[in-house]
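Dear colleague,

I am handing over the structure below, and I would be grateful if you could look through it before reading my notes. What I found follows, arranged by site.

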Amino acid sequence: MQTTLKKSTDPLSVGADAIVVFVAEPAVATGTVAAADAALDGLVGACVADGEITGEVGQISVVHTGGLIGAPRLVVVGVGDGSIESWRAAGRATGARVRAIKARTVALAIDDADAARLTALVTGVRYGAYRFDRYKTSPLDPELTDLRVYSVVVSPAQLRRATRLADAVGAARDLANAPANDLTPTALAARAAELADQTTGLECAVLERKELQKLGAGALLAVAQGSDEPPKMIVLRYTPKRRAAADEVLGLVGKAVTFDTGGISIKPSGGMEEMKLDMAGGAAVVEGIGLIAQLGLPVEVVAVVPATENMPSGTATRPGDVVRAMNGRTIEVINTDAEGRLILADALTYAVTEAGATRLVDFATLTGAIVVALGEVYAGLFGSDEDWTAAVRAAGEASGDLCWPMPLHPGYAPLIKSKVADLSNAAAKRQAGAIYAAQFLREFTDGRPWCHVDIAGTGMIGGAGTGFGVGLMLAIAEQLAHTPRH
Ligand code: BES
Ligand code: MN
Ligand code: ZN
């Protein structure tokens, strides 16, 4: 995908497959819309008068231009109240439509919309036009390859940020959507290494089983022992040229279970194929730190991604087994399907004790319970520190990766007790499943400001990865870059 910024004030003369213009609600023809109306002999105004074009968010009208302007089609898109969220929704609708009409080159005439709206639009268009067709052998429809943004307000750097963000979200989706026979822990580690090779200041280290044994990462190893695929603890570190806050290291942790069968506590077969997406958090973290490094933000960041399969076999962990986590705590594995918290336990410990993270955010497709609670709109946000949780929530709002606060409380602690070990990985009671998991993770954060984002609902929608979290991570890093914390 190529995205270019055009400073021309005459987008209608561009040679493109489609020119896209935007109208707020109630629809009034101004700017490029008015110019298009004039060039098309009042056609747009007639649609408005007819009530066909109202400006309602996401509403799309495709007008054939008969060569009266530079493109054969004019696409009129409603942006409703003109809020950033509305521009994002309008972008998605636009992306889906330009894909349906098989447009390759599309001009977006955004008039005086600002950088935040442009970002919402461009990422939205890319989201709407996204497809995962790597495994199709039949001839494919032409795809959108060339976006031309007409704006006199937005700077090249702002468009570059939007484009890089869209690229990183697309890369995270590609990783998530890849089937588990190709996207193994080894393959995810290779992608991390490739990113580090391509990016200044970004370094990658991959811990193999032997090193994990030496570190005592018994919780991650317990999940991995049922699989023939070797586990990897992927560690990416971004060292900026300059730091805004000298003593801060942002720790990003992402669950990467490349396939979750449930293990011996095996899942029902219906829909199990979706569990190839159980590495969506890890994929977002890998691409997220890559994006922060590419944009050269003045923030030190370390990413820790525990990657493994969760399989049943003769060597798999059994319910009732007791394992020792990297921080020395013992865990009774009551349910082998509660594997995410096990691998995150060791990753959080590693981030704090080995990688020096001073504050943490983890992203994980952790519980079905969060899907029941919040659906696909809001991720569940848990945190141990009020200010840090507020900052993460604000970054979610700014990026469109929405997070809703969920509680932690000592009253939930009895649920994670075990009769035989320090902790149990699954509660006896079927209640508050998402909170219980978060309460468990907190035991491995060493009292550092920590947030847990449960993306089981938002990270995978309709059986496909969304890239949720990448934008949030960028927004968080930008926040840290501007406000030094001490
Ligand atoms: N990966 C699943 C959670 C999940 C479920 C993600 C649905 C996306 C969609 C996780 O490993 C899991 O199996 N969680 C169990 C925990 C339970 C056994 C305590 C769950 O949520 O049922
Ligand atoms: Mn599971
Ligand atoms: Zn899982």
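**The metal sites**

The site of the manganese ion (ligand 2) is irregular, with angles of 71 to 167° among its 6 donor atoms. Please keep in mind throughout that this is a predicted model. The protein atoms that coordinate this manganese ion come from Asp260 (OD), from Asp337, through both O and OD, and from Glu339 (OE), at 2.1 to 2.2 Å. Along the chain, the donors of the manganese ion follow the spacing D-x76-D-x1-E. Asp260 lies in strand E10 and Asp337 in the loop between E13 and H10, so this pair ties together parts that are 77 residues apart in sequence. Asp260 is buried, at a relative accessible area of 3%, whereas Asp337 counts as partly exposed, at 22% relative accessibility.

Which residue bridges the zinc ion and the manganese ion? That residue is Asp260, and the two ions lie 3.1 Å apart. Because Asp260 lies in strand E10 (residues 256-260) and Glu339 in the loop between strand E13 (330-332) and helix H10 (340-353), this pair ties together parts that are 79 residues apart in sequence. Both Asp260 and Glu339 are buried.

**Ligand 1**

There are 15 residues around ligand 1, and those that come nearest are Lys267, Asp278, Asp337, Glu339 and Gly368. The residues of this shell divide into 7 charged, 4 polar and 4 nonpolar. For the side chain of Lys255, the corresponding separation between an oxygen atom of ligand 1 and an N or O atom is 3.2 Å. Of the 520 Å² of accessible area that ligand 1 has on its own, the protein covers 76%.

**Backbone details and one loop residue**

A cis peptide bond, with omega about 0°, joins Glu25 and Pro26, and Pro26 lies in the loop between strand E2 (18-23) and helix H1 (31-39). Asp41, a residue other than glycine, has a positive phi near 65°; Asp41 lies in the loop between H1 and helix H2 (43-50) and is exposed, with a relative accessible area of 72%. Asp446, again a residue other than glycine, has a positive phi near 55°; Asp446 is found in the loop between helix H13 (433-442) and strand E18 (450-454), and at 53% relative accessibility Asp446 counts as exposed.

Finally, Arg318 has its place in the loop between strand E11 (300-310) and strand E12 (322-324), where, at 47% relative accessibility, Arg318 counts as partly exposed. The C-alpha atoms of Arg318 and Tyr130, which are 188 residues apart along the chain, are separated by 40 Å.

How values were computed:
Residues numbered from 1 in each chain as written. Chains lettered and ligands numbered in written order. Predicted model: local features only at pLDDT ≥ 70, side-chain atom pairs only at ≥ 80, totals over all residues. Heavy atoms only, no water. Near = heavy atom within 4 Å. Polar contact = N/O pair within 3.5 Å; in protein donor to acceptor, adjacent residues only side chain to side chain. Areas by Shrake-Rupley, 256 points an atom, 1.4 Å probe, with all protein chains shown as cover. Nonpolar A, V, L, I, M, F, W, Y, C, P; charged D, E, K, R; others polar. Donors = N, O, S within 2.8 Å, 3.2 Å for Na, K, Ca; no water. Helix = DSSP H or I, 4+ residues; strand = E, 2+ residues; numbered from the N terminus. Buried < 20%, exposed > 50% of the residue type's maximum accessible area, 1.4 Å probe, protein only. Tetrahedral: all angles 85-135°; square planar, octahedral: opposite > 155°, others 65-115°.
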